[in-house]
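Please open the structure in your viewer and keep the sequence beside it.

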Amino acid sequence: MRVKAAIAHGAGQVWSVEDIEIGEPKAGEVQVRTAYAGLCHSDEHVLTGDLVPPPESLAMFGVTEWYPVLGGHEGSGVVEAVGDGVRAVKPGDHVSCSFVPVCGRCFYCATGRANLCDLGAGTLVGGMITDGTFRHHTLDGTPITTMAKLGTFAETLVVAEDSLVKVDADLPLAAVCLVSCSVATGFGSSVNRADVRPGDTVVVVGIGGVGMNAVQGARAAGATNIVAIDPVEFKREKAMEFGATHSAASMDEAMGLVNDLTWGRMANSVILTPGLLVGEMIQPAADLVGKGGTIVATAVASMSQQTVDLSLIGLTGSDKQLRGSLFGSGSPRSAIPELLMMYRNGRLKLDELITKEYPLDQINDGYQDMRDGKNIRGVINFS
């Protein structure tokens, strides 16, 4: 099947919208007509090279070339066909994509940590998680890796059944798209990983698609003070509509504010959701939390980032925690329907997250708007 898709052919380039060939779904696989795809910053890191290992490390991933890559890992659509053995969905079902596949059988799934499912180990490179072969090829026959084994920047998806979550058919597919990554990741970073409690003071650093939902999560958990930090005034203003109580342009600017709000105790948690996480951000975040506080590192960092600025005596002496978070430290199969139920009941803003919709052939305009700080979340509308 020939479809249009946005392909990354190398670091430092732009998305190439072109025809590619997609094969029929095999055992355990599903063909989905894409409805919406989110323009997430993680896909931008495929273009910048931050999510690409250096050439000397490629062998560790079992490949000699990283590109081409079909982008997109946040999306929604309608099932068109299923391969042998598929039981979770059928043609006509509406689905949300999960950038973390869930097998339900590995050690991590069996112990309640489905966001760490073993199937997720190879989602940035190689073929299908079902059998390792490729369903996506350029017109000259070159195999294409799909971002997070999804590739939502294509008119049609062929994905593993384990990467899909069935949703109610009456829900808007734009909203269904958002909960597949940014909403679940940000909301869960507050509720699950930072363990925000009623009365807490929470600082969210970086107010994009993920950070805005960390704000929503903190509000839902009952935080009293929610400080949104971003250098872009538009994002700081929007954060107030989503539950922030205060804002600042930088962590340095927020120090005095948080000190005053807490009578010197500082924040209970800082959630780091900038466009790119760097090691120099950790110590200022640690300074913003008080004794027993938690720093949650949610944003993507470069694969080459190996060092962190952090006072170890401060970490131990003040009983602080530094924690990573993947998919909001929750299970895709429970988080996605739960968040959609909150949306249905008016307790979660999803429609308001979408600043602008783009056709696929304007994907580079969408990413430029993201870089320029114009969008909370841009989405590709395939209709």
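**First stop: the largest cavity**

The largest cavity holds about 30 Å³ of space. The model is a predicted one, in which local features need pLDDT of at least 70 and side-chain atom pairs count only at pLDDT 80 or more, while totals for chains, interfaces and linings use all residues. Residues are numbered from 1 along each chain as its sequence is written, and side-chain values use heavy atoms, with hydrogens and water left out.

A cavity is a set of points, on a 1 Å grid over the protein atoms alone, where a 1.4 Å probe fits but cannot get out; lining residues have an atom within 4 Å of a point. Grid points are joined across faces, edges and corners, and a volume is the space filled by probe spheres set on the points. A search of the whole structure finds one cavity of 30 Å³ or more. Select Val46, Leu51, Trp66, Val69, Leu124 and Met147 to display the lining of the largest cavity.

**Second stop: strand β3**

Next, select residues 29-38, which form strand β3. Strands (E, at least two residues) and helices (H or I, at least four) are DSSP runs, numbered from the N terminus. Nine of the ten residues of β3 are buried, where buried means under 20% relative accessible area, exposed over 50%, and partly exposed in between (1.4 Å probe, protein chains only).

Two strands pair if DSSP finds at least two bridges between them. Strand β3 pairs with β9 in the antiparallel sense over five bridges, and Glu29 stands opposite Ala160 in β9. Seven bridges join β3 to the antiparallel strand β5 (residues 75-82); there, the bridge partner of Arg33 is Val78. With strand β18 (residues 377-381), β3 forms three bridges, again in the antiparallel sense, and Ala37 faces Ile380.

Side chains of opposite charge can pair when their charged atoms come close. A salt bridge is a side-chain nitrogen of Lys or Arg within 4 Å of a carboxyl oxygen of Asp or Glu, and by this rule the count is 13.

Select Lys4 and Asp19, whose closest N and O atoms are 3.3 Å apart. Lys4 belongs to strand β1 (residues 2-8) and Asp19 to strand β2 (residues 16-22), 15 residues apart.

Proceed to Asp170 and Arg344, joined by a salt bridge of 2.9 Å, N to O. Asp170 lies in the loop between β10 and α3 (173-178) and Arg344 in helix α10 (residues 332-344), so the pair ties together parts that are 174 residues apart in sequence. Asp170 counts as exposed because its relative accessibility is 55%, whereas Arg344, at 40%, is partly exposed.

Select Thr146 in strand β8 (residues 145-146). Is this residue buried or exposed? Thr146 counts as buried because its relative accessibility is 4%. Contact means heavy atoms within 4.5 Å; not counting residues up to four places away in sequence, Thr146 touches Leu70, Thr123, His136 and Gly151.

Finally, select Asp162, in the loop between β9 (156-160) and β10 (164-167). Asp162 and Cys97 are 65 residues apart in sequence and 9.4 Å apart in space, C-alpha to C-alpha.

Conventions: On a 1 Å grid over the protein atoms alone, a cavity is a set of points where a 1.4 Å probe fits but cannot get out, and a pocket is an open set with protein on both sides within 12 Å along at least five of seven lines; lining residues have an atom within 4 Å of a point.
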